[in-house]
Amino acid sequence: MIEIQNVRKSFGNREILKGIDITVPTGSVTVILGPSGSGKTTFLRTLNFLEKADAGKMTLNDVTVDLHNASKKEILHIRRNTSMVFQMYNLFSNMTALENVMEGLVTVKGMKKSEARIKAEKCLEAVGMKDFADYYPVQLSGGQQQRVGIARAIAMDPAVILFDEPTSALDPELVGEVLGAIKTIAREMHVTMIVVTHEIGFAKEVADQVIFMEQGVVVEQGTAKEVISNPREERTRQFLNRYLGQWEDYVI
């Protein structure tokens, strides 16, 4: 279980996160929804120290870390147990898909190249990219590059994968293949995931927990059925209606 308590973050005089509390059960998928500027991405980035929180604690693998005053050892512990999939793919352009997945296994985990190759091939196969192992990023579509990024994330055997709007940079026709890869991992590998996305259909189908954020606070949280089909808060209803079409269309 991952427990996140009272996460706060400001940029100058602007308070972005105003005390976020979330519990994520092991092996579950938590989807975070909310309008642009609500603090979703900033929150995700504080969890693996891409941004330093002003306050807050996170417990991961029975280790509790102060997100503001973490030691280098504690930061390393968190980063070794989390992987992040970004909006942009962040692949090494001079490496093939296979080499991109192998890189962390060799340089971070110290795995022999022969062992890393076998594991990387399995991870590429899991996201439907085995046949593109020898392709360079420039030879791949955006959706294919993102799937390589997902393979790279799962190769590290993280306790949790953080997805920061993994389909937002894709053309609409490529979104489905990336969401399909995430669904497969959630279903077959039971990896704990926290996913920031606007894809309501994905949340309805895959999420064990849905959180709606706005203006740096958690407005509502619960199961997909509770939050998407029968939201308690009027602001949640307005968001689903305004940003994602008639929310009644998503009644489960």
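Predicted model: local features only at pLDDT ≥ 70, side-chain atom pairs only at ≥ 80, totals over all residues.
Me: Why does Ala97 count as buried?

Reply: The relative accessibility of Ala97 is 3%, and buried means under 20%, so Ala97 counts as buried.

Me: What makes H3 and H5 roughly parallel to each other?

Reply: The axes of H3 and H5 come within 9 Å and cross at roughly 25°. Angles under 35 degrees count as roughly parallel, and H3 and H5 are therefore described in that way. The crossing in which H3 passes H5 is right-handed.

Me: Which residues make this contact of H3 with H5, and how do they divide by class?

Reply: H3 contributes Ala97, Asn100, Val101 and Leu105, while H5 contributes Val148, Ala151, Arg152 and Ala155. By class, the contact has six nonpolar residues, one polar and one charged.

Me: How do you know that H5 is roughly parallel to H6?

Reply: Helix H5 (residues 142-155) packs with helix H6 (residues 172-188) at an angle of about 20°, and their axes are 8 Å apart. Since angles under 35 degrees count as roughly parallel, that angle makes H5 roughly parallel to H6. The crossing of H5 and H6 is right-handed.

Me: Which residues of H5 and H6 meet, and how do they divide by class?

Reply: On the H5 side the residues are Gly142, Gly143, Gln144, Gln146, Arg147, Ile150 and Ile154, and these meet Leu174, Glu177, Val178, Ala181, Ile182 and Ile185 in H6. The residues of this contact divide into seven nonpolar, four polar and two charged.

Me: Why are the side chains of Glu214 and Arg235 said to meet in a salt bridge, and what does the pair tie together?

Reply: Their N to O distance is 2.6 Å, and a salt bridge needs a side-chain nitrogen of Lys or Arg within 4 Å of a carboxyl oxygen of Asp or Glu, so the pair qualifies. Glu214 lies in strand E9 (residues 209-214) and Arg235 in helix H9 (residues 234-244), which means that the pair ties together parts that are 21 residues apart in sequence.

Me: Is Glu214 buried or exposed?

Reply: At 15% relative accessibility, Glu214 counts as buried, because buried means under 20%.

Me: What makes Glu234 and Arg237 a salt bridge, and where do they lie?

Reply: The N to O distance between their side chains is 3.3 Å, and the cut-off is 4 Å, so they meet in a salt bridge. Both residues lie in helix H9, three residues apart, which is about one turn of the helix. Glu234 counts as partly exposed at 44% relative accessibility, and Arg237 counts as partly exposed at 26%, because partly exposed covers the range between under 20% for buried and over 50% for exposed.

Me: How do you know that Arg45 and Glu51 meet in a salt bridge, and how many salt bridges does this rule give?

Reply: Their side chains meet at 3.6 Å, N to O, and that distance is within 4 Å. Arg45, at 25% relative accessibility, counts as partly exposed. By this rule the count comes to seven salt bridges.

Key
Residues numbered from 1 in each chain as written. Heavy atoms only, no water. Axes fitted to C-alpha atoms, helices over the stretch in contact; angles between N-to-C directions. Helix = DSSP H or I, 4+ residues; strand = E, 2+ residues; numbered from the N terminus. Parallel < 35°, antiparallel > 145°, perpendicular 65-115°, else oblique. Left-handed = near helix turned anticlockwise from the far one by under 90°. Contact = heavy atoms within 4.5 Å. Nonpolar A, V, L, I, M, F, W, Y, C, P; charged D, E, K, R; others polar. Buried < 20%, exposed > 50% of the residue type's maximum accessible area, 1.4 Å probe, protein only.
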